[in-house]
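Here is a friendly note to read alongside the model. Take a look at the structure first, and then we can walk through it point by point.

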Amino acid sequence: MPAELAGLLACPRCRAPLRLLDGGDLACSAAACPSVPRRWPIVRGVPVILDEASSPFRIASRVAESEAPKPSRWRRLASALFNAKPRISRNVAAARNFRRMAEMLAAGGGGVGLVAGCGAGGQGIRYLTGAPGLRAVNTDIRLLEGVHVVADVHMLPFRDAVFDFAVAQAILEHVTDPWKAVGEIRRVLKPGGLLYSEVPLLQPVHGAPADFWRFTPYGHRLLWSGFAELAGGACCGPGMAFALAARGFLTSPFPRGIRRVAEYVCDWLLWWPKYLDGWLAGSPGGTESAGAYYFLGRKLPDGDEGDDGEASM
Ligand SMILES: [Zn+2]
């Protein structure tokens, strides 16, 4: 575990500093801390820091999942062939927004950021995390390749105000309590830190059963009310939303197995509406029927809800 990462970590329950034990585990330094368990493993260099008393996730299952045998070569080949099809989704704003963030951060001398729920890597994120002078701490609830800390975004194991930027790209629909997750991301950001968030609106259920919410642009703005808005709008437009809805309409009569084949056919038929989104996503009507929204903001001091909250309702 790099020294810089160790300096950012804190107990997810009481936020006291962590200490490294002789056996290689991490533990909360507060004697009266009610966290369960009292020590957290470092698995293949990645700390797995979950308070099982307040999180539904279990450390043992996270570790076991990461140690499951990889699919056979033939299965991977079949999967690659199945996935060699046009995508019907397209993000028209992420790359531009991440480049803008990287430029703003570079102008301030660089910094370290949190990528919450990084998964296998969000669209366009490389323009931010690969920029010179910027370092990212990738967190996810799964111990995936590229993850630096396994953590629950409802109780982040980081000290207050340590990050210069944070990214929550397409994760807030997957958390049980978006307000709590947003509060945690805000807590670990420095005052003035940059925040980038994306959420879906017109999209079918994905990642079931862990898909709980959809957000209008106004609801998304309300969630991040502790931030001054620098930019916001549709990142996936009505073209993509139309293709997703059409695919759902055309495939919904079929049972599960056949539906996957029908979806495959639809992906070949509906590859094109997304290319209208470069134009439609910025139009007033297109914004209201968007597939997803983004918000780029700057953390306000505590107690300051901004001056544009009421005006934008
Ligand atoms: Zn503690």
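Predicted model: local features only at pLDDT ≥ 70, side-chain atom pairs only at ≥ 80, totals over all residues.

1. Seven strands make up an open sheet, and their order across it is S8-S7-S6-S9-S10-S12-S11, with mixed pairing. As background, strands in a sheet pair through backbone hydrogen bonds, in either a parallel or an antiparallel way.

2. Which strands stand at the edges? They are S8 (149–150) and S11 (227–236); each has a single partner strand, so one side of each is left without a neighbour in the sheet.

3. S10 (residues 189–200) and S12 (residues 292–299) run antiparallel to each other and are joined over seven bridges. Within this pair, Glu198 lies opposite Tyr294 of S12.

4. A helix also belongs in this picture. H4 (residues 94–107) packs on the sheet and touches S6 (111–116), S7 (134–140), S9 (163–169), S10, S11 and S12. The direction of H4 makes about 175° with that of S10.

5. Next, step back to the whole protein. It is divided into domain 1 (3–66) and domain 2 (87–299), and the centres of the two, taken over C-alpha atoms, are 27 Å apart. How many residues does each domain bring to the contact? Domain 1 gives 22 residues and domain 2 gives 17 residues.

6. Finally, look at the side of domain 1 that touches domain 2. Helix H1 (3–8), strand S5 (46–47) and helix H2 (59–66) each supply at least two of its residues, and the largest share, four residues, comes from H2. By class, this side has 14 nonpolar, three polar and five charged residues.

Terms used. Residues numbered from 1 in each chain as written. Domains from an automatic or database assignment. Contact = placed C-beta atoms within 7 Å. Nonpolar A, V, L, I, M, F, W, Y, C, P; charged D, E, K, R; others polar. Pairing = 2+ DSSP bridges. Axes fitted to C-alpha atoms, helices over the stretch in contact; angles between N-to-C directions.
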